[in-house]
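Reader: I'd like to go through this model with you and ask what stands behind the labels. Could you show it to me first?

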Amino acid sequence: MSSTTDYFYRKKFAEQILSLVKILPTPFSIGIDAPWGSGKTFFVHNVLKLLASEQKIPLVVYDAFEHEKDGDVFISLVTSIVEQAIEVNQTENENGSPISNAIQSVAKGAASLFKGILKVGGNTAARLLLKQGLDEITSEFCADEKALAIVSEDIEKSVENFILERTKPDKSYKALKHTFKESMRKLIAALNPSGKLIVVIDDLDRCTPKRALEIFEAIHHLLNTPGIIFIFSYHRHQLERMVEHTYGQGIDSTVYLSKFINLNFDLPEPDESLYKEGLRRLA
């Protein structure tokens with residue numbers, strides 16, 4: 001990476017992140033925390049991504065704000081990962097190549113999994129599945145008799161259909177999920193012999209609260225795949241307020257986010273003289 005690219009002297013931090021990535025178990029998630037306007041996006045594209053390329057570590061960036069109107073989060077994320085895998089590996093992406101075959105497998109697996117989710121008890125059950133998972137759903141509905149009494153007939157039927165669909169051997173959601181994750185594992189292996197892929201989720205703090213939380217939940221339940229390390233570029237304080245806005249002041253937003261992010265780092269701030277020098281060089 002050219003020394004003139006690192007305008008704000010954050011290359012050392014990027015090197016530390018990538019060194020950590022090489023030894024971390026997967027799946028794993030890292031948060032890079034800084035207020036809006038601190039240069040997170042510039043760091044991701046002009047420092048971290050370039051350095052990862054030099055070190056032969058595949059890295060793709062999903063701009064959460066840019067894709068906010070895409071529709072389903074899961075399909076949007078998978079499509080973005082595949083598109084960038086093709087761009088980075090155009091010379092190796094001919095028909096019949098390992099990468100081409102792996103991409104086709106991912107596309108097929110994602111389509112089957114998405115279709116399976118939509119079939120499982122309709123949209124209500126699909127939302128429940130993405131938001132909590134079956135174990136949490138059943139515990140929530142069964143732990144409190146008062147809660148059971150107020151569950152609508154529609155949701156009860158959706159959960160019933162959800163359980164019945166999952167117990168059919170030929171339509172097992174668990175099997176579909178396993179097949180998709182295996183296809184992702186093969187794609188990552190084709191992209192990188194070390195078997196790791198970095199997926200940066202950028203601009204989360206510019207999304208609506210609903211969309212930001214959908215991204216976390218879709219990644220946690222559907223894309224939490226061996227080989228992937230997610231890096232969330234965000235302002236944690238703002239995300240915590242989003243969680244409280246969505247689920248109420250009674251929720252512990254710090255604990256909630258810790259379900260999705262294993263390690264959190266502050267984006268280093270350059271000292272004043274380095275910052276002014278960086279601005280001058282950028283200009």
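**What stands behind the labels**

Author: Let's start with a tyrosine: Tyr247 has a relative accessible area of 29% and is partly exposed. Keep in mind that this is a predicted model.

Reader: Why is Tyr247 called partly exposed?

Author: Buried needs a value under 20% and exposed needs one over 50%. Tyr247 comes out at 29%, so it is partly exposed.

Reader: And what about Tyr256, buried or exposed?

Author: Tyr256 has a relative accessible area of 9%. The cut-off for buried is under 20%, so Tyr256 is buried.

Reader: How do you know which kind of aromatic pair Phe230 and Phe232 form?

Author: By the pairing rule there are seven aromatic pairs in the count. For Phe230 and Phe232, the ring centres are 6.2 Å apart and the planes lie at 20°, so this pair is stacked. The cut-offs behind that are centres within 6.5 Å and, for stacking, planes under 30 degrees apart. Phe230 counts as buried at 2% relative accessibility, and Phe232 counts as buried at 1%.

Reader: What makes the pair of Tyr247 and Tyr256 tilted?

Author: Their rings are 5.4 Å apart centre to centre, with 45° between the planes. Stacked needs under 30 degrees and edge-to-face needs over 60, with the rest counted as tilted, so 45° makes this a tilted pair. These rings also belong to one aromatic cluster, made up of Phe216, Phe230, Phe232, Tyr247, Tyr256 and Phe260.

Reader: Phe216 is in that cluster. Where else does Phe216 turn up?

Author: In the largest nonpolar core, which has 45 residues; Phe180, Ile201, Leu204 and Phe216 touch the most other members. Setting aside neighbours within four places in sequence, Leu204 is in contact with residues including Phe216, Phe232, Ala64, Leu239 and Met242. In soluble globular proteins, nonpolar side chains tend to be buried together.

Reader: Why is helix H10 called mostly covered?

Author: In H10, 10 of the 14 residues are buried. Among them are Phe216, Ala212 and Ile215, along with Arg211, Glu217 and His221.

Reader: What does the span of H10 look like against the expected value?

Author: H10 runs over residues 209–222 and reaches 20 Å from its first C-alpha to its last, close to the 20 Å expected at 1.5 Å a residue.

Reader: What makes strand E1 largely enclosed?

Author: Six of the six residues of E1 (residues 28–33) are buried, so the rest of the structure largely encloses it. In a regular strand the side chains alternate between the two faces of the sheet. In E1, Phe28, Ile30 and Ile32 are buried on one side, and Ser29, Gly31 and Asp33 are buried on the other.

Reader: Which strands pair with E1, and in what sense?

Author: E1 pairs with E4 (residues 228–234) in the parallel sense over six bridges, and four bridges join E1 to E5 (residues 263–266), again running parallel. Ile30 stands opposite Ile231 in E4 and opposite Leu263 in E5.

Reader: What is the peptide bond from Thr26 to Pro27, cis or trans?

Author: That bond has omega near 0° and is cis. Pro27 sits in the loop between helix H1 (11–23) and E1.

Reader: What are the phi values of Lys56 and Asp203?

Author: Lys56 has a positive phi of about 60°, and Asp203 has a positive phi of about 65°. Lys56 is in the loop between helix H2 (40–54) and strand E2 (59–63), while Asp203 is in the loop between strand E3 (197–202) and H10.

Reader: Why is Lys56 called exposed and Asp203 buried?

Author: Exposed needs over 50% and buried needs under 20%. Lys56 has 66% relative accessibility, so it counts as exposed, whereas Asp203 has 9%, so it counts as buried.

Methods:
Residues numbered from 1 in each chain as written. Predicted model: local features only at pLDDT ≥ 70, side-chain atom pairs only at ≥ 80, totals over all residues. Heavy atoms only, no water. Helix = DSSP H or I, 4+ residues; strand = E, 2+ residues; numbered from the N terminus. Expected span 1.5 Å × (residues − 1). Buried < 20%, exposed > 50% of the residue type's maximum accessible area, 1.4 Å probe, protein only. Phe/Tyr/Trp six-rings, centres within 6.5 Å; stacked < 30°, edge-to-face > 60°. Core = buried A, V, L, I, M, F, W, Y, C linked by side-chain atoms within 4.5 Å. Contact = heavy atoms within 4.5 Å. Pairing = 2+ DSSP bridges.
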